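Colleague: Could you walk me through this one? I have not looked at it before.

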Amino acid sequence: MPVDQSLVGRVFPPTPRLEVTEDRVREFVAATGGEYAGGPAPATFPIVLAFDAMNAFLEAEAIELHRIVHGAQDFSYERPVLPGDVLSATLTVASLRQIGGNDIIGTTSEIADATGAVVCRTSATLVHRGADA
Amino acid sequence: MSLETRTFIITRDDLVRYAQASGDHNPIHQDEAVALSVGLPGVIAHGMYTMALAARAVGDWFPGAEVVSLGCKFTNPVVVPVEGGVELEVAGEVKGAEGDLTTVALTVTSGGQKVLGMPKAVVRA
């Protein structure tokens, strides 16, 4: 079933706050083959929050995760993510088009710290593969 | 200016670890049957895992530099076999510098095929 066009422009509620601990960063660094020696989190770490926001969006719209393939991802940072940050992501559905039985969903997520200051903005293109794809 | 190409190996175990650390438990990165059922050629690496490796290369090239922006398209899936792993090559070229910002164009390939579209990073070095 195609994704509902009226979703464009919808802003989803902020994700539950994530406390960025050194252990959390260490786990992420280790999972990407590196060794954490303290300091800022890796550049792609904010995907943890963006993904949380995306999951809530997919769940709310009854879109099955296994039909989603990642099309594109862009990050722009106001500052690096640091241990001690308490972050939350707010997702907006930016665009939606149908191509060959697939939905191409554009989202943007704003990741803010406990003071409300934006740390990172990230946009994602999600390809929702239709049942016939 | 060309930067030294970095090579990484991606295994199924890496994908399990990455799923845990990132929260992306999409079964297309774990389960062959599910991947095939949605028309993929097999279990594929998380796009964000590939991007994380590209970011590691950038970190190696510019130690301690702050990343200002990072982005790419996921143009071809990286199929990860059950046994052994698949090689990922990350090449980079400095495209320009303005003030304290350096733009790096990346070329990320697996099996000789580009897997990321226009991967680019801007760092404050």
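This is a predicted model: local features need pLDDT of at least 70, side-chain atom pairs count only at pLDDT 80 or more; totals for chains, interfaces and linings use all residues.

Colleague: What is the secondary structure of chain A?

Modeller: Chain A has two helices and five strands, and from the N terminus on they run β-α-α-β-β-β-β. Helices (H or I, at least four residues) and strands (E, at least two) are DSSP runs, numbered from the N terminus.

Colleague: And how many of its residues are buried?

Modeller: Of the 133 residues in chain A, 40% are buried, where buried means 20 or more other C-beta atoms within 10 Å of the residue's own, exposed means 12 or fewer, and partly exposed is in between, with C-beta atoms placed from the backbone.

Colleague: Switching to chain B, how many residues of each chain are in contact?

Modeller: On the chain B side there are 31 residues in contact with 28 residues of chain A, a contact being two residues whose C-beta atoms, placed from the backbone, lie within 7 Å. The largest share of the chain B side, nine residues, comes from β2(B).

Colleague: How do the axes of helix α1 of chain A and helix α1 of chain B cross?

Modeller: The axes of α1 (residues 22-31) of chain A and α1 (residues 12-22) of chain B come within 9 Å and cross at roughly 155°; axes are lines fitted to C-alpha atoms, for helices over the stretch in contact, and angles run from 0 to 180 degrees between N-to-C directions. That crossing makes α1(A) roughly antiparallel to α1(B), since angles over 145 degrees count as roughly antiparallel, under 35 as roughly parallel, 65 to 115 as roughly perpendicular and the rest as oblique.

Colleague: Which residues make that contact?

Modeller: From α1(A) come E27(A), F28(A) and A31(A), and from α1(B) come R17(B), Y18(B), Q20(B) and A21(B).

Colleague: New topic: where is A62(A) found, and is it buried or exposed?

Modeller: A62(A) is in the loop between α2 (47-60) and β2 (68-77) of chain A, and it counts as exposed because it has 8 C-beta neighbours inside 10 Å. Its phi is near 55°, a positive value in a residue other than glycine.

Terms used: Residues are numbered from 1 along each chain as its sequence is written. Chains are lettered from A and ligands numbered from 1 in the order in which they are written.
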